[in-house]
Amino acid sequence: MSVKPQQTPTDTPAFAPPDLETMRESAGMVLNRDGAPEAVPPAGDELDTLTAALRGHIALLAPEVDQAARLLPENNPTRASALACVGEARDKLRAPELGFAVLAGGVMYARRLARVLTALCGHYDIVSAGVEATSDQKAFDLLAEHFLRCPTCRTIDDHGAHAGLPCEEEDRLHQEYRAARARAAAERLSRRGSGTEVTA
């Protein structure tokens with residue numbers, strides 16, 4: 001009987017970091033860059049495949065974020081925010097789709113998965129580096145969490161499509177996110193122009 005030789009640490013890396021670029025590309029198939037549901041998603045079998053991919057990405061990334069966040073001090077707000085996002089992600093994996101119309105419901109569910117996956121990617125970037133969230137990241141997290149929790153933003157019509165009801169809180173958070181993102185972009189340009197920006 002042949003025995004497969006044991007791999008040494010030099011054969012393969014101890015772990016492979018999550019492929020955040022692929023995860024974000026998957027989320028981008030149903031969301032635009034601001035996290036709003038303006039992208040035209042696939043339908044039918046392609047939507048089923050995308051939904052399965054989003055679920056798989058979340059199932060892979062949520063434990064990574066959870067583990068990295070728990071290495072931060074217990075009173076660290078970044079830790080608390082990341083762990084809350086992990087909880088939301090796990091809830092979305094358990095959430096049934098059956099209450100929605102077949103196509104529109106599938107799209108709605110895929111968008112919810114995409115939003116929480118996008119938020120998880122942002123949290124992983126931060127907690128894996130052990131740093132505090134930036135102002136634009138915090139603003140995005142608030143917006144993403146609102147989308148996931150707000151009954152008005154989640155309302156669907158009789159056909160199972162997004163009702164598009166006005167929500168003052170969503171409008172406010174979206175404006176704050178846009179402003180924070182614009183400030184962050186201006187700061188990066190300023191640092192680049194002064195030659196003080198640090199690149200990896």
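How many residues does α3 have, and how far does this helix reach from its first C-alpha to its last? In this predicted model, α3 has 18 residues and reaches 26 Å, close to the 26 Å expected at 1.5 Å a residue. At the start of α3, Asn76 places a side-chain oxygen within 2.7 Å of the backbone nitrogen of Thr78. Thr78 itself is buried, and the buried residues of α3 also include Ala82, Leu83, Cys85, Val86 and Ala89.

The side chains of Lys92 and Glu88 meet in a salt bridge, with N and O 3.4 Å apart. Because Lys92 and Glu88 lie four residues apart in helix α3, about one helical turn separates them. An α-helix has 3.6 residues a turn, so residues three or four places apart point the same way.

Arg70 is partly exposed, with a relative accessible area of 48%, whereas Asp66 counts as buried at 13%. Together with Arg90, these two residues are linked in a network of salt bridges.

The account now turns to the nonpolar interior. In soluble globular proteins, nonpolar side chains tend to be buried together. The largest nonpolar core of this model has 43 residues, and those with the most contacts inside it include Leu54, Ile58, Leu61 and Leu117. Each of the helices α1, α2, α3, α4, α5 and α6 supplies at least two residues of this core, and α4 gives the most, with twelve. Leu117 touches Met23, Ala27, Leu54, His57, Ile58 and Leu61, leaving aside residues up to four places away in sequence.

The mean pLDDT of the protein is 75, and 72% of its residues reach 70 or more. Residues 1-14 have a pLDDT below 50, and this stretch has two contacts in the model beyond near neighbours in sequence. The pLDDT is also below 50 over residues 97-104, a stretch with 16 such contacts.

Definitions and conventions:
Residues are numbered from 1 along each chain as its sequence is written. This is a predicted model: local features need pLDDT of at least 70, side-chain atom pairs count only at pLDDT 80 or more; totals for chains, interfaces and linings use all residues. Side-chain values use heavy atoms; hydrogens and water are left out. A nonpolar core is a set of buried Ala, Val, Leu, Ile, Met, Phe, Trp, Tyr and Cys residues joined through side-chain atoms within 4.5 Å. Buried means under 20% relative accessible area, exposed over 50%, partly exposed in between (1.4 Å probe, protein chains only). Contact means heavy atoms within 4.5 Å. The expected span of a helix is 1.5 Å times one less than its number of residues. A polar contact is a pair of N or O atoms within 3.5 Å; within protein, one must be able to donate a hydrogen and the other to accept it, and residues adjacent in sequence count only if both atoms are side-chain atoms. pLDDT is the predictor's confidence in each residue, from 0 to 100. A salt bridge is a side-chain nitrogen of Lys or Arg within 4 Å of a carboxyl oxygen of Asp or Glu.
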